[in-house]
Amino acid sequence: MGKHFIFGYGSLINKVSRERSSPSAFQAVPVKIKNYTRGWFGRTGVKGLSTTYLGCLKNDSSILKENEKSTFVNGVIYEINKDELPILDKRERRYKRDKVAFNDIEPYQNYLPKDVTIWIYTNEFNNRTEFDNSLPNEKFPIIQSYVDLCIAGCYEIESEFKQAKIQNFSEQFITSTVNWNKHWANDRIYPRRPQVHCPKAFRIDEQLSNLITEDIFNAIYIES
């Protein structure tokens, strides 16, 4: 029958978030998935959550323009029980579960389990207008607490996997993600002392400021 793995490319890179989603997902392996693009165009559809999350599209999607595509998406794969798939499908109800072609997977550590099915949750858009309306805006901004969760997860991977650190896993996460824009809210609690609630806040901010264009980073606003 083979084993089933999920490819996590956002908050699921983070161990705490991953185990909250799948309690058995304590072990994760970093990989790159080719022919996909990760970007800020994910919406959950849940009332009261005015936030734009990370989403993913296959590069052959008619929605993406050529200059919007990434060559790869980095993240982690982790094993789940096949019985968990319907539960995850419900949790990711605004996403579609797709099977990743084995040839599109590139491990960081020369390790990739054989005879497995690897799933990725991608977005569905009916047309380009729907896609454009899902980008971060004033009502649905990027939020710093979610960015922190993802990048802190990248740091966890770098500390555990030598090749991921050598290849700058966290930097690859930032630079391979599209649609960063000025609609970005810093929702950290007590932002003047962010390290109290986000221990790696200063490291995250320094890396973002080096890799995101200056006009976007300087436009991040404190959420009141």
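This is a predicted model: local features need pLDDT of at least 70, side-chain atom pairs count only at pLDDT 80 or more; totals for chains, interfaces and linings use all residues.
When I speak of helices (H or I, at least four residues) and strands (E, at least two), I mean DSSP runs numbered from the N terminus, and two strands pair if DSSP finds at least two bridges between them. Strand β2 covers residues 29–34, and 3 bridges join β2 to strand β7, residues 105–107, the two running antiparallel. β2 also pairs with β5, again in the antiparallel sense, over 6 bridges, and within that pairing Lys-34 has Phe-72 of β5 as its bridge partner. Is β2 enclosed or open to the outside? Of its 6 residues, 5 are buried, so β2 is largely enclosed by the rest of the structure; buried here means under 20% relative accessible area, exposed means over 50%, and partly exposed is in between, with a 1.4 Å probe and protein chains only.

Strand β3, residues 36–42, runs parallel to β10 and is joined to it by 2 bridges, with Arg-38 standing opposite Thr-177 in β10. The other sheet, also open and of 3 strands, has the order β9-β11-β12 with parallel pairing, and its edge strands are β9 (142–143) and β12 (221–222), each of which pairs on one side only. Here β9 pairs with strand β11, residues 184–186, in the parallel sense over 2 bridges, and Ile-143 stands opposite Ala-185 in β11.

Turning to helix α4, I would point out that this helix has 17 residues and reaches 24 Å from its first C-alpha to its last, close to the 24 Å expected at 1.5 Å a residue, where the expected span is 1.5 Å times one less than the number of residues. α4 is mostly covered, with 12 of its 17 residues buried, and among the buried ones are Gln-144, Tyr-146, Cys-150, Tyr-155 and Glu-158.

How many salt bridges does a search of the whole structure find? The search finds 8. In one of them the side chains of Arg-203 and Glu-158 meet at 3.5 Å, N to O, and this pair links distant parts of the chain, with Arg-203 in helix α7 (residues 201–211) and Glu-158 in helix α4 (residues 144–160), 45 residues apart. Arg-203 is partly exposed at 39% relative accessibility, whereas Glu-158 is buried at 7%.

Another salt bridge joins Arg-128 and Glu-68 at 2.7 Å, N to O, and this pair too links distant parts of the chain, Arg-128 lying in helix α3 (residues 128–132) and Glu-68 in the loop between β4 (53–58) and β5 (72–80), 60 residues apart. Arg-128 is partly exposed at 22%, while Glu-68 counts as buried at 15%. Glu-68 and Arg-128 are also linked with Asp-132 in a network of salt bridges. Lys-69, for its part, forms a salt bridge with Glu-66, their closest N and O atoms being 3.3 Å apart; Lys-69 is partly exposed at 27%, and Glu-66 is exposed at 63%. As a closing thought on these pairs, side chains of opposite charge can pair when their charged atoms come close.

How values were computed:
Residues are numbered from 1 along each chain as its sequence is written. Side-chain values use heavy atoms; hydrogens and water are left out. A salt bridge is a side-chain nitrogen of Lys or Arg within 4 Å of a carboxyl oxygen of Asp or Glu.
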